[in-house]
Amino acid sequence: MEFNAILETTENTAKIILSGELKASTAPTFKTEVEKAAATNPQRLVLVMKDLSYMASAGLRVLIFAKQKMGANVDIYIIAPQEMVMDTIKKTGFHHSVKIMDEYDNDKVEA
């Protein structure tokens, strides 16, 4: 399945919609979108993963990069990860560094 990472930004939020398989060959695309998102100085980074079917360690490295690039004051939300992706996140303990939700409503999240 083809990988896509689509960045959408609003005043305080950068949202990246991920789909397909996030692996070594596609991780640079995701990293580029993270860098673009960081340049907007958001308060939140929202990663929509409901259509992400697979994430390799290269994708996890980009998540860690995102956490470092955004800084400690930026909350990172992982939205609707599939079970296989969630297992990868949990095995590394990264789920302790982010907020995992079934759905994201910008109006209901406190700044």
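1. Lys15 counts as partly exposed, at 26% relative accessibility. The classes are set by relative accessible area: buried is under 20%, exposed is over 50%, and partly exposed is in between (1.4 Å probe, protein chains only). Lys15 lies in strand S2. Leaving aside neighbours within four places in sequence, Lys15 is in contact with Ile6, Leu7, Glu8, Val46 and Val48. Contact means heavy atoms within 4.5 Å. The C-alpha atoms of Lys15 and Gly93 are separated by 22 Å, and the two residues are 78 apart along the chain.

2. A word on the basis. This is a predicted model, in which local features need pLDDT of at least 70 and side-chain atom pairs count only at pLDDT 80 or more, while totals for chains, interfaces and linings use all residues. Residues are numbered from 1 along each chain as its sequence is written, and side-chain values use heavy atoms, with hydrogens and water left out. Helices (H or I, at least four residues) and strands (E, at least two) are DSSP runs, numbered from the N terminus.

3. Ser19 also lies in strand S2. Is Ser19 buried or exposed? Ser19 is buried, with a relative accessible area of 17%. Not counting residues up to four places away in sequence, Ser19 touches Glu2, Phe3, Asn4, Asp51 and Leu52.

4. Now the sheet. It is open, has five strands in the order S1-S2-S3-S4-S5, and shows mixed pairing. Strands S1 (4-9) and S5 (99-101) stand at the edges with a single partner strand each, so one side of each has no neighbour in the sheet. Neighbouring strands are turned by 20° against each other on average, direction ignored. Pairing requires that DSSP finds at least two bridges between two strands.

5. S1 and S2 pair in the antiparallel sense, over six bridges. A hairpin of three residues joins S1 to S2. Ala5 stands opposite Leu18 in S2. The bridge partner of Leu7 in S2 is Ile16.

6. Which strands does H1 touch? H1 packs on the sheet against S1, S2 and S3, and its direction makes about 180° with that of S2. H2 packs on the sheet too, touching S2, S3 and S4; the direction of H2 makes about 180° with that of S3. Axes are lines fitted to C-alpha atoms, for helices over the stretch in contact, and angles run from 0 to 180 degrees between N-to-C directions.

7. The two helices also meet each other. The axes of H1 (residues 27-39) and H2 (residues 57-70) come within 9 Å and cross at roughly 10°. That makes H1 roughly parallel to H2, a term for angles under 35 degrees. Residues of H1 in this contact include Phe30, Val34 and Ala38; those of H2 include Val62, Leu63 and Ala66. By class, the contact has eleven nonpolar, one polar and three charged residues. Here Ala, Val, Leu, Ile, Met, Phe, Trp, Tyr, Cys and Pro count as nonpolar, Asp, Glu, Lys and Arg as charged, and the others, Gly among them, as polar.

8. The largest nonpolar core has 30 residues, of which Ile16, Phe30, Leu45, Leu47, Met49 and Leu63 touch the most other members. H2 gives the most to this core, with seven residues. Apart from it lies another core of five residues, among them Val46, Val48, Tyr77 and Ile79. A nonpolar core is a set of buried Ala, Val, Leu, Ile, Met, Phe, Trp, Tyr and Cys residues joined through side-chain atoms within 4.5 Å.

How values were computed. Angles under 35 degrees count as roughly parallel, over 145 as roughly antiparallel, 65 to 115 as roughly perpendicular and the rest as oblique.
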